[in-house]
Amino acid sequence: MEQPILKNKHYEIEIIDLGAQGEGVGKIGEFTVFVPEAITGDVVEVRLIKVKKSYGYGKVMQIISPSPFRQDSKCAVAAKCGGCQIQHMKYQVQLDFKTKKVKDCIERIGGLKDIKVKDTLGMEVPYHYRNKAQYPIRKEEDSIQMGFFAQKSHRIVPSNKCSIQDPKNEQIMQIVTDFLNENHITIYNEETHKGLVRHLMIKTGYHTNEIMVCLVINGHKLSKADLLVAELRKVDGVSSILLNHQLAKTNVILGGETTLLYGKEYIIDKIGDLSFKISPLSFFQVNPLQTEVLYKKALEYAELTGEEIVWDAYCGIGTISLFLAQKAKKVYGVEIVPQAIENAKENAKLNGLTNVEFFTGKAEEIIPTLYKEEGIKADTIVVDPPRKGCDIYLLETLKDMAPQKIVYVSCDPATLARDLAYLVKEAGYTIGEVQPVDMFPHTTHVECCVSLKKN
Ligand code: SAH
């Protein structure tokens, strides 16, 4: 007779697969067990901490025999910090995991078979790739802590050495910590909503070495700010120092207002031959080297000859739009954040591109309106939506307008698969290929670029 599966009991399990969040998957007979922090090839002893009818969750008690796919995490706090999830996996295994994740989503969620998903394009050196850090600052028993939150928590895992952030940040973190200590500046407390300093944000121009330092405060003024500015200016590259004012009781890191303390209100970085102004509030891809890989793919899939009218939906500060404008007749961009559109217009000027026009608003409203009322019809449309994917009204407009080509850039394979299913089954498109790009090494996230053609 089969033994019942019991909560809190210990089992020896071989990990045979990885789930969508990078967790190990093993079996006890027909019963599936998800085991965070274990990877394919491990044999582990787990305690079952949750038991449902056909599946449960196990906590690793000991690794009986480690997988050959394991590596030592470079970061000392990798297991505790919520920033990375799979640093303990060899890099090639991470890339294979991401390729499979994309394939699985397209097959299971999209119901699409035989789609060509290429191998994930990885980085040569997958460390210190981020150009933006947002460190929460809290006080714990009289000492100031800066680092990242633990997974699914607001407990800080203190660390100034992060293997995916820019090493220059360490010096800046130290200067800010010393300034706060020496001048007895109060630190924000989430529960009481009292105290001043909430976050430290640092943005770096990879190719220009320009650095922006922005302190997020729960108030209007920072006393002795001149002392902080004097110290930060000594750091090579610091060209913009700002205060951001977030007075709301919220998890949202940045408020709508910023005050300039020193230098410029923006930094500049390059992607390929183009330069971009990066403001504290607008979105800019966080991995500069892989962004170039991704955008080159998008441009290749767009197959522009110089004659085309192109829409760039969800255009942010116009990065993809300007890439496309170098090869198209005219590019229209649409984006919901007004400051980003201001940046997009400035970026067009900065690069001397005049065949672009930007609109503020929702892609699903602006594109159909301009199509119906002004007859603006695209030959090619690039979409790069946030994680929730494209709005159905936008997809319906694509069906009506029937551009020859669609390039779908996505940061979430699940919503990508859902939208591809619509475009293939309802709107008459065929998928050329899907190219995953590793924008976020050591995390379970993956970016994709997909080419589609009208049947
Ligand atoms: N293509 C840009 C930005 C991609 S991120 C780049 O590569 O840098 C997605 C963008 O979509 C964000 O800038 C976000 O502000 C914007 N956005 C979110 N919902 C939107 C909507 N309904 N319509 C237009 N833009 C939207």
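Reader: How do the residues lining the second largest pocket divide into nonpolar, polar and charged?

Author: Ala, Val, Leu, Ile, Met, Phe, Trp, Tyr, Cys and Pro count as nonpolar, Asp, Glu, Lys and Arg as charged, and the rest, Gly included, as polar. Here the lining has 9 nonpolar, 2 polar and 7 charged residues. This is a predicted model, where local features need pLDDT of at least 70, side-chain atom pairs need 80 or more, and totals for chains, interfaces and linings use all residues. Numbering starts from 1 along each chain as its sequence is written, and side-chain values use heavy atoms, without hydrogens or water.

Reader: How much space lies in that pocket, and which residues are closest to its centre?

Author: A pocket is an open set of points on a 1 Å grid over the protein atoms alone, where a 1.4 Å probe fits, with protein on both sides within 12 Å along at least five of seven lines; lining residues have an atom within 4 Å of a point. This one holds about 500 Å³, the space filled by probe spheres set on the points, which are joined across faces, edges and corners. Among its 18 lining residues, Leu18, Gly19, Ala20, Lys100 and Asp104 are closest to the centre.

Reader: What about Ile217: buried or exposed?

Author: Ile217, in strand E10 (residues 211-217), counts as buried because its relative accessibility is 0%, and buried means under 20% (1.4 Å probe, protein chains only).

Terms used: Helices (H or I, at least four residues) and strands (E, at least two) are DSSP runs, numbered from the N terminus. Buried means under 20% relative accessible area, exposed over 50%, partly exposed in between (1.4 Å probe, protein chains only).
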